[in-house]
Amino acid sequence: MAGIPTRSLTAGTIDPAERIAELERENAKLQRINKVLMDRVERSMDFQGGAFSLFQTAIVLEQKIRERTLELERALHKLEDSNRDLARAKELADTMRTRLFEAIESVNEGFALFDSADRLVLCNRKYLSYWPSVAGRIQAGIRFNDLVAMVAAAGAVSEPPPDVWLRERMEHRHDLKGVFLNRLSDGRWIQVNERRTRDGGIVGVYTDITVIKREEERRRESEQAEKSALMMLNDQLQQAKSQADQANLSKTRFIAAASHDLLQPLNAARLFVSALADLEQPAGNVELVENIDVALASVEDLLSALLDISKLDAGAVTPELTDFPLRGILAPLATEYAAVAAERGIDLKVVGSGAVVRSDMRLLRRIVQNFLSNALRYVQGGRVVVGCRRTGDGSIRIEVWDNGPGIPRDKITEIFQEFRRLDTPVTKGRDRGMGLGLAIVDRVARMLDHPITVRSEPGRGSVFAVTVPRGTERRAVRPASIAARPMTNRLAGTSVLVLDNEPAVVAGMEALLRGWACDVVSATNGDEALALLSGMPQPPDLLIADYHLDDGALGVNEVARLRAACGRILPAVIVTANRTPELADEAKAAGCLVLNKPVKPAQLRAVMSGLVG
C-alpha cells in the first residue's frame with residue numbers, strides 16, 4: 001500500500017552481491033597464482049638459461065594459464081546466471097507484491113497485519129475508512145496499543161464509553177477468543193475477527209455488519225410490537241373470558257332460580273295428576289290422565305337436563321373423587337331399571353363387579369345411568385347387558401351392550417350433541433327422550449377425564465363404554481336410595497303437616513296425601529304452622545316442608561322450630577328444586593331427607609312409609 005514500506009518477500013534467494021564478491025576473490029586468487037608461476041619460470045630461466053628449458057617452461061606456463069583462464073570463464077558464466085536469476089526473482093517478487101496489494105485493497109473487509117512485536121506491517125484503505133478522524137496518523141510501524149488509544153481519544157467509538165471500550169479491546173487482543181464488536185460514532189457496526197500468524201504476528205479482518213444489526217433491531221422491534229399486540233390480545237381474551245364466565249355464572253343462577261319457579265307449578269301439577277290417578281275415573285279419562293302424567297314427566301326431564309348442562313358448562317359442578325367399589329353403582333341401577341326392562345320385554349343383565357375405582361360416585365353413576373336408559377329406550381324386546389372389563393393399563397372399562405338398531409358410523413359424534421336423536425323406530429311418549437342425555441355424559445366424562453368410547457354396527461347393536469382409573473383403597477358405599485314399594489295401607493291415618501308458600505303446591509299435596517288416607521294440615525309459613533301445631537291434640541307423624549319459603553325463611557330452620565315446639569325430633573322431608581350437594585349436606589345435618597321437585601309420588605310414598613313405618 002502506498003506510504004507503507006514492506007519487507008522483502010524473497011528472503012530465500014542467494015544474494016548477488018555476495019556471489020560477485022566470491023567470484024572476485026577467486027579471480028584475485030587466480031591472478032596471484034599466475035604471478036607466482038611467472039616469477040618461478042623467470043627464476044628458472046635465470047638459473048638454467050638453456051633454450052630447451054625455456055621452451056619447456058613456456059609450455060608448462062601456457063598450460064597453467066589455459067586452465068586458470070577456463071576456470072575464470074566458468075566463474076564468469078556462473079555470475080551471469082546468478083544475475084539473470086536475481087533479475088527474475090526480483091521481477092516475480094514485485095509482481096507478487098503488487099498482486100497482494102491489489103487483493104487486499106479489493107476485499108470488502110478491512111485488513112490489518114501486525115508483526116510479532118504488535119507493530120503495524122500493512123493495512124488497506126477499507127481499514128483506514130473505519131477511523132476517518134485518525135486515518136492520516138496510522139502508519140506502518142505504529143504499535144497496536146497506541147493505535148487503539150488514539151481511536152478511543154478521538155471518540156471514534158460511540159459505545160461503550162472510551163475507557164471501557166479501550167480496556168475491553170485490549171483484553172480481547174490478549175485472548176483473541178471469539179469476535180469483537182465495535183459500534184462507531186457514525187452509527188456503523190464493525191465485527192473484528194483476529195488470528196495469530198506462524199511468526200507470532202496478528203492478522204485482523206474487520207467486517208461492516210451494520211445492515212445485519214439494523215435488521216436485527218427491526219426484527220426485535222417487530223417482535224416487541226407483536227408481543228405487545230399479543231399481550232393486549234391476551235388481556236382482551238382474559239377480559240372476554242371473565243365476562244363469559246360471569247355470564248355463564250349468571251346464566252346458571254338464572255336457570256337455577258327459573259327452574260325453581262318453573263318446578264313449583266310443575267310439582268303441583270304432578271301432585272294433582274297423581275291424586276287424580278288414584279281416584280276412580282271413567283275409562284276415557286284414564287288414558288287422558290296417563291298422557292298428562294307422561295307430558296309432565298317429559299317437561300321435568302327436560303328442565304332437569306337443562307339445569308345439569310348449565311351447571312356443567314359454568315363449572316359449577318366440582319367432582320369429589322373417592323375410591324369405591326363399582327357394585328355401589330351397578331347393584332342399585334339393576335334394581336331401579338329391572339321393572340322398566342320387564343315392562344318393555346327387554347332381558348336386562350347387570351354383571352356384578354368387586355373392582356374398586358377412583359371417581360365421583362354420583363357423576364359416574366349418571367354416566368352409566370344415561371347409557372343404560374338410552375339402551376333401554378332404543379331396544380325393543382331385545383337384550384341389554386352391563387358389565388366391566390380390565391384394560392391393559394389396569395383401568396376399568398364399564399360397558400353397556402345392546403342389540404338395538406345400531407348407529408351409523410357418521411352419526412356417532414352427532415349423538416353427543418344437544419337435542420340430537422337418531423331417526424330410528426322407538427316407542428312413543430316420554431321414552432322418545434330429549435336428546436340431552438349423551439350431551440350430559442360427554443360433559444361429565446370430560447370433566448372427570450374418563451374416556452368415552454362407542455362401537456356400533458347398524459342392525460346389530462351398540463356398545464357404550466366409559467374407562468375409569470382403578471382405585472387403591474375401599475371406602476364405605478353410599479346407601480342406596482329407598483326403592484319404591486307398594487305400601488297401600490301403611491300410610492292410612494298418618495298425620496302430616498305440610499309447610500309450603502305456594503298455595504297450588506299445598507293444594508296438590510293435600511289432594512295426593514288424602515288420596516292415601518292421610519290426615520293433612522297445611523301452612524304457608526312457620527308462624528302459621530306453629531299456630532296449627534298448638535291446636536293439634538298431638539304432634540303430627542311427619543313434616544313435609546319446602547326449602548325456600550317467603551321472606552328468606554328456610555325449610556330446615558322452620559322444621560327445627562316445629563321440632564322444638566313439639567319437644568321431640570319429628571320425621572321431616574325437605575322438598576326443593578335446588579340440587580346442589582351443599583343443600584343436601586345441610587338437610588342431612590338437620591336430620592331431614594331431601595326430595596327434589598317435581599316430587600315423584602311413588603318416591604314420596606316410599607320415603608313416607610320408611611319414616612313412619
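## Sheet and helix packing in a predicted model

Helices (H or I, at least four residues) and strands (E, at least two) are DSSP runs numbered from the N terminus, and two strands pair if DSSP finds at least two bridges between them.

The model is predicted: local features need pLDDT of at least 70 and side-chain atom pairs count only at pLDDT 80 or more, whereas totals for chains, interfaces and linings use all residues. Residues are numbered from 1 along each chain as its sequence is written, and side-chain values use heavy atoms, with hydrogens and water left out.

### Strand pairing

| Strand pair | Bridges | Opposite residues |
|---|---|---|
| S10 and S11 | 7 bridges | Arg390 and Ile396 |
| S12 and S13 | 6 bridges | Glu457 and Gly461 |

The hairpin of S10 and S11 has 5 residues between the strands, and Gly394 in this hairpin takes a positive phi near 95 degrees. Of the 7 residues of S11, 5 are buried, so this strand is largely enclosed by the rest of the structure. Buried here means under 20% relative accessible area, exposed means over 50%, and partly exposed lies in between (1.4 Å probe, protein chains only).

### Helices on the sheet

S12 and S13 (residues 461–468) pair in the antiparallel sense. Contact means heavy atoms within 4.5 Å. Axes are lines fitted to C-alpha atoms, for helices over the stretch in contact, and angles run from 0 to 180 degrees between N-to-C directions.

Two packed helices are described by the angle between their axes and the distance between the axes. For H8 and H9, the axes come within 11 Å and cross at roughly 30 degrees. The two helices H8 and H9 are therefore roughly parallel to each other; angles under 35 degrees count as roughly parallel, over 145 as roughly antiparallel, 65 to 115 as roughly perpendicular and the rest as oblique. The crossing of H8 and H9 is right-handed, a crossing being right-handed if the near helix is turned clockwise from the far one by less than a right angle, and left-handed if anticlockwise.

On the H8 side, the contact includes Ile329, Leu333, Tyr337 and Val340, while H9 contributes residues including Leu364, Val368, Leu372 and Leu376. The residues of this contact divide into 11 nonpolar, 3 polar and 2 charged. Ala, Val, Leu, Ile, Met, Phe, Trp, Tyr, Cys and Pro count as nonpolar, Asp, Glu, Lys and Arg as charged, and the others, Gly among them, as polar.

### The H4 and H5 pair

In helix H4 (residues 144–153), the residues Phe144, Leu147, Val148, Met150, Val151 and Ala152 are buried. Their cover includes S1, helix H3 (125–129), S3, H5 and strand S6 (202–208). The axes of H4 and H5 come within 9 Å and cross at roughly 155 degrees, which makes H4 roughly antiparallel to H5. H4 passes H5 in a right-handed crossing.

Residues of H4 in this contact include Phe144, Val148 and Ala152, which meet a group in H5 that includes Trp165, Leu166 and Met170. The contact of H4 with H5 divides into 9 nonpolar, 1 polar and 2 charged residues.

### Backbone features

Just after H4, Gly155 takes a positive phi of about 70 degrees. A cis peptide bond joins Glu159 and Pro160, with omega about 0 degrees; Pro160 is found in the loop between strand S3 (157–159) and helix H5 (162–175).

Asp118, although not a glycine, has a positive phi of about 60 degrees. This residue, Asp118, is found in the loop between strand S1 (110–114) and strand S2 (120–123), and counts as partly exposed at 21% relative accessibility. Leu176, also other than glycine, has a positive phi near 55 degrees. Leu176 is found in the loop between H5 and strand S4 (180–184), and is buried, with a relative accessible area of 15%.
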